[in-house]
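I opened this notebook to keep track of what I looked up in one structure. The entries run from the whole chain down to single residues.

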Amino acid sequence: MNNVYKLHVRLIKTGLQNEPVSLRRLLLSFAAAAPASLPHARSVFARVPFPDTFAYNTLIRAHSHSSPSHSVSLFSAMRRDGVSPDNFTFPFVLKACARLHIGHDAHALIIKLGLGSDIYVHNGLISLYGSLGSVAGAFDVFDEMPERDLVSWSSMISCFANNNFGYEALGLFQDMQLVGNLKPDEVTMLSVISAVSSLGALELGKWVDAYISRTGLKRTVSLGTALIDMYSRCGSVDDSIKIFNAIPVKNVLTWTVLINGLAVHGRSEEALKVFHEMKNAGLKPDHITFNGVLVACSHGGLVDDGWRVFESIKSDYGMEPTVEHYGCIVDLLGRAGLLNKAFDFVDTMPIKPNAVIWRTLLGACVKHNDLKLSKKAKVKIHELDPNHDGDYVLLSNVYGQVGRWDEKANVRNSMREKKVGKKPGYSFLNEGDMVHEFVSGDDFHPKSNEIKRFLISIIDDLRLDGYTLFTCNALHDVEDEEKEQSLSFHSEKLAVAFALLRFKDRRTIRVIKNLRICYDCHCFMKHVSNKFDREIVVRDRNRFHHFSKGSCSCKDY
């Protein structure tokens, strides 16, 4: 940075600061020293009497990553000044627009200016469309490209992965090697790993891991960290630990990802141990690290440890706790049944509690059957987020658990009057490159009748071993038979019944669910794991549940 200032001073002393060749050299020096040099670069640029395309391009490029709004502003000024953009302008303008999630009209302008055939512009357009959620737009650009380089393929794979088209991303990755005859780099593999993570497909994850080893791609910190996260999200935190131990260099994110993985898999004490090892290694935890540790304490019932970690954020590291950290403490206290202490904590928070914190309290009140505090929490939520379906369902459930069916019906009627819809529960499991999806109470799957018959027979067998359907949270005050019918066909039960029918080997049954697993389904899974001697892993909205021999990794906490 000092060298840039020295160059500028020398040019001023010699009177060459506006001479075109000297100006180019100065602007390129500013770009190389970005982002620290950017304010000074803009100041110098403002004094240039007639900036040309090169000058604008250099500044646009320098700002595109760290200050994208300035890139877009510079491009607008370029157009106002009548300076013609070229094929070097748009890749960085498009990069800036992608980071800001703007630029719907950029493609039309590019075509109008006759720059629509440049491969670098095409690559930028794919990234832009991907950031805007327009997968079709991105693929149209990709499909019409006369030639593609590695960036083209990587950008399209990333677009699929980031917009929840995981299998399409993996399919394109295979096409890249067969049709494009290209060897993927780290950027490509990060998108492929992201796709596998979103699918939760462990076998695919192991294939990707083996592919990286087979091709000799260097396991950088970024790649290793992504693999740790992938294995965790695919339900195998033990594989995450193996990758972690094999990485020679680890940064804060690497440690944080492992801590988060252990936390959501119910291995709270191990997460806390890794956190202390991280500190002993001389690394300073960040806000995300603390969030993972507090989640671990909450899920494991480590109240005292959680308090110590929370207090250390400010006392040991001089950082202000975020609203997410406060929310973790509320969850910690709520899960432990310390409801009054949790309410007092929220009342004295220096940060205004948001709807998520009050919703956390409501969930704790429902779990511990505290109707009075449930109502108080619901009032607060209604002030902040009145149309969230989950809040009505939680309050309805607490009425059901204490047998107050009229009040439960009133909550449901209120939902209908306010047109608040309840999100349907669905689950899916992977089989090779196939995804089997199951919707609660629906005949969505082609083998629906066979699955339901088998599921009913499983439930009848489990009753002999002491399993009883938990009907308190059924949706209506109806006869027990109807309540049991409603609970019997929850999506995760349908998924497990299908897996038992379909997979005759001893493979672990892995189910991904969009909502939190309910109390009844949790009991069902424990009984099934014992009856059939099968391991079942359920990834719900909040965490993983590993069922084996009649127990769960969450220890029913």
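This is a predicted model: local features need pLDDT of at least 70, side-chain atom pairs count only at pLDDT 80 or more; totals for chains, interfaces and linings use all residues.

**Entry 1. Whole chain.**
I began with the secondary structure and found 29 helices and six strands in the protein chain. I then looked up burial: 49% of the 557 residues are buried. For the accessible surface I noted about 26,800 Å². Carbon and sulfur atoms hold 52% of that surface. I also checked how far along the sequence the contacts reach. Of the contacts with a separation of 6 or more, 63% are between residues 24 or more positions apart.

Which residues does the UniProt annotation "repeat: PPR" cover? The record, an unreviewed entry, gives residues 118–152 and 251–285. I looked at each span in the model. Residues 118–152 are 74% helix and 0% strand, and the C-alpha atoms at the ends of the span lie 12 Å apart. For residues 251–285 I noted 74% helix and 0% strand, with the end C-alpha atoms 10 Å apart.

**Entry 2. Cysteines.**
I searched for disulfides, that is, covalent bonds between the sulfur atoms of two cysteines. With pairs of cysteine sulfur atoms within 2.5 Å as the test, the count is zero. I looked up the accessibility of two cysteines. C97 has a relative accessible area of 7%, so I list C97 as buried, the cut-off being under 20%. C365 is at 0% and is therefore buried by that cut-off.

**Entry 3. Cavities.**
How many cavities of 30 Å³ or more does the structure hold? I noted three. The largest cavity contains about 50 Å³ of space. Its lining is made up of F438, V439, D442, D443, F444, H445, S448, I451 and L494. Strand 2 (434–439) and helix 26 (448–464) are the elements that give two or more residues to this lining.

**Entry 4. Second largest pocket.**
I put the volume of the second largest pocket at about 650 Å³. Its lining has 20 residues, and those nearest the centre are K95, N123, G124, S127 and S155. Which helices each supply at least two residues of this lining? I wrote down helix 6 (90–100), helix 8 (119–131) and helix 10 (150–162).

**Entry 5. D175.**
I found D175 in helix 11, which spans residues 166–178. Its relative accessibility is 35%, so D175 is partly exposed, between the limits of 20% and 50%. I also took the distance to W153, which is 22 residues away along the chain: the C-alpha atoms are 9.2 Å apart.

N369 sits in the loop between helix 22 (355–367) and helix 23 (371–384). At 41% relative accessibility, N369 is partly exposed. K549 is placed in the loop between strand 5 (544–548) and strand 6 (551–552). K549 counts as exposed because its relative accessibility, 60%, is over 50%.

**Entry 6. P424.**
Is P424 buried or exposed? I have P424 as exposed, at 52% relative accessibility. The residue is in the loop between helix 25 (405–417) and strand 1 (426–431). Leaving aside neighbours within four places in sequence, I noted contacts of P424 with N514 and L515. P424 and N514 are 90 residues apart along the chain, and their C-alpha atoms are separated by 8.8 Å.

**Entry 7. L373.**
L373 lies in helix 23 and is buried, with a relative accessibility of 11%. Which residues is L373 in contact with, leaving aside neighbours within four places in sequence? I listed L339, N340, F343 and C365. L339 is 34 residues from L373 in sequence, with 8.2 Å between the two C-alpha atoms.

Conventions. Residues are numbered from 1 along each chain as its sequence is written. Side-chain values use heavy atoms; hydrogens and water are left out. UniProt positions are given in the numbering used here, feature names are shortened, and annotations may be inferred rather than shown by experiment. Helices (H or I, at least four residues) and strands (E, at least two) are DSSP runs, numbered from the N terminus. Buried means under 20% relative accessible area, exposed over 50%, partly exposed in between (1.4 Å probe, protein chains only). Contact means heavy atoms within 4.5 Å. Accessible areas come from the Shrake-Rupley method with a 1.4 Å probe; for residues, only the protein chains shown count as cover. On a 1 Å grid over the protein atoms alone, a cavity is a set of points where a 1.4 Å probe fits but cannot get out, and a pocket is an open set with protein on both sides within 12 Å along at least five of seven lines; lining residues have an atom within 4 Å of a point. Grid points are joined across faces, edges and corners, and a volume is the space filled by probe spheres set on the points.
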